Amino acid sequence: PISMMPEYEWFLHAVSIDSGDALFPYQRRLDNLLLGMHYDLDSSRLVGYSVPYWSQKEQNDSWAPSLQTFTLNDRNLASITIINATVPLSMPDQSAENFLLGNSITAYDGITDMYYITLPNTSNTSQPQTRIHGVSLNSADAGRTVVSALLGERVVSMEVNARYHGVFALLQASGRYYFVQLGHSFKSSASVVEFDWTLVNAGQADLLSGMPWWWSLSDLNPMTEAYSQRHYQIGGSTCEHQSNTTFVGARDFANLDSPLYLTDMRQGGLSNASVPYNLTSVPPPAVLAAWFVNLDPRVPFLQPVEPQHTRFSMDGLRVYMTFESGTTSGLKPVDNNGDSIPDSIDRSMQHNGTRNCSDIFLPSVPDRIGLMGNATCEWFNSTLEMRLVEPAAIRIGDNLSFQKDSVMSYTPDPLVEQGFVWSMPARGSVSVEMP
């Protein structure tokens with residue numbers, strides 16, 4: 001009986017990724033056990049699904065599964081706030097109340113706000129099948145099932161690329177492993193997130209390109225055939241969004257003494273099978289399972305802005321540095337909740353008109369060309385013009401080094417919560433070219 005079972009208390013616990021020390025200001029008691037946790041990259045929130053206390057649930061009792069979100073604001077570290085919200089989890093043709101009791105395979109796209117979860121299919125008992133649900137967590141239709149599809153294979157791991165919104169899975173079938181793209185999410189003309197399921201049955205071909213839609217691990221990563229026979233941890237994977245690559249952990253044997261291999265699988269397109277990173281094995285950790293995390297996802301940021309060219313004028317009295325459209329200087333991203341993701345734009349300090357080049361470049365540059373009176377800088381759309389009084393102050397091949405966070409670009413993007421995405425700021429230096 002339930003009265004004789006031990007009572008459990010569950011907590012949302014946080015540790016520093018630098019030291020492993022507990023970060024108690026973030027700790028919070030939970031009403032239910034939380035599984036399948038992911039971090040929302042542009043909303044500063046945690047997302048997971050809840051299951052009841054096993055000590056408080058009879059075997060045949062039904063329950064209402066739900067997704068849980070925890071929105072964090074730690075701009076003031078002395079007063080961290082965490083707001084919890086519940087989203088009902090409706091799953092058509094699925095007895096979720098009886099089967100969502102273990103740690104299902106999950107993935108989350110923090111840009112389109114799509115939560116993906118796998119469950120055993122209960123409508124067919126003759127052979128094992130997996131049902132994959134994609135649930136919207138957008139504020140306009142939170143809880144809506146966007147995709148519900150069946151797979152005849154077991155899902156070992158699932159990842160989402162938050163830059164390109166593709167959903168990928170490591171499948172097990174007939175004693176082999178296959179890495180496939182299931183499809184991708186997108187925003188329709190009605191500004192509603194939808195899903196395009198592109199996976200077909202293993203062995204069928206894409207009639208347009210003639211390339212198979214499925215690839216074994218040995219096909220995707222030609223380092224060795226042994227990859228299709230290794231042991232893979234359920235849910236043990238992570239995604240590098242910019243290069244469109246998934247990393248999974250693999251062992252030769254399912255024991256503590258077996259080395260751990262990080263296997264990379266490119267997602268950029270099936271027609272150009274991946275070039276492996278040639279990652280070596282790492283010493284076996286003293287655990288059978290490990291959680292892989294990308295500590296620098298760089299999403300929703302764009303790549304660092306770079307000048308397309310930096311050239312002298314014909315008279316040698318000007319240097320033109322041309323960037324891609326939308327690049328400017330002096331605009332400041334404003335972070336309202338301490339998650340390092342810009343929430344708005346401060347235009348009060350935008351670099352309009354003639355100004356000192358020291359506002360844009362490191363001191364080594366104004367030390368050579370001088371300040372106002374000897375040299376000036378001015379923006380014209382996405383081109384920076386440097387005017388020189390003394391032509392010899394800058395020579396062909398000289399380097400111009402940027403101030404930290406001085407030059408960046410932003411682009412409208414309806415998929416992200418803020419409505420725009422920032423590039424990472426220009427960094428390093430560029431050399432001056434001939435006219």
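C357 and C377 are joined in a disulfide, with 2.0 Å between their sulfur atoms. Keep in mind as you look around that this is a predicted model. In general terms, a disulfide is a covalent bond between the sulfur atoms of two cysteines. Here C357 sits in the loop between β23 (344-346) and α3, while C377 belongs to strand β24, so the bond ties together parts that lie 20 residues apart in sequence. If you check the torsion about the S-S bond of C357 and C377, you'll get about 100 degrees, which means the disulfide is right-handed.

How exposed are the two partners? With a relative accessible area of 1%, C357 falls under the 20% cut-off and counts as buried. C377 is buried too, at 0%. Another cysteine to click on is C239, which is buried with a relative accessible area of 3%.

As a rule, in soluble globular proteins nonpolar side chains tend to be buried together. This core has 24 residues, and the members touching the most others are F361, I369, M386, L400 and F402. Two or more of its residues come from each of β20 (318-322), α3 (364-369), β24 (375-380) and β25 (383-388).

Let's zoom in on F402. Setting aside neighbours within four places in sequence, F402 is in contact with P307, M321, F323, I360, F361 and L362, and also with V407, A426, R427, G428 and V430. One of those contacts, F361, is itself among the core members that touch the most others. Apart from this core lies another one, made of 21 residues, including L151, V167, L171 and L182.

Now for a sheet. Strands of a sheet pair through backbone hydrogen bonds, either parallel or antiparallel. The one to find here is an open sheet of four strands, ordered β7-β8-β9-β10, with antiparallel pairing. Why does the sheet leave β7 and β10 with a side lacking a neighbour? Strands β7 (106-109) and β10 (145-151) stand at the edges and have a single partner strand each, so one side of each has no neighbour in the sheet. From one strand to the next, the twist averages 15 degrees.

Inside that sheet, follow β8 (residues 114-120) alongside β9 (residues 130-136): the two run antiparallel and are joined by seven bridges. For a landmark on this pair, look for P120, which stands opposite T130 in β9.

Key. Residues numbered from 1 in each chain as written. Predicted model: local features only at pLDDT ≥ 70, side-chain atom pairs only at ≥ 80, totals over all residues. Heavy atoms only, no water. Pairing = 2+ DSSP bridges. Axes fitted to C-alpha atoms, helices over the stretch in contact; angles between N-to-C directions. Core = buried A, V, L, I, M, F, W, Y, C linked by side-chain atoms within 4.5 Å. Buried < 20%, exposed > 50% of the residue type's maximum accessible area, 1.4 Å probe, protein only. Contact = heavy atoms within 4.5 Å. Disulfide = S-S within 2.5 Å.
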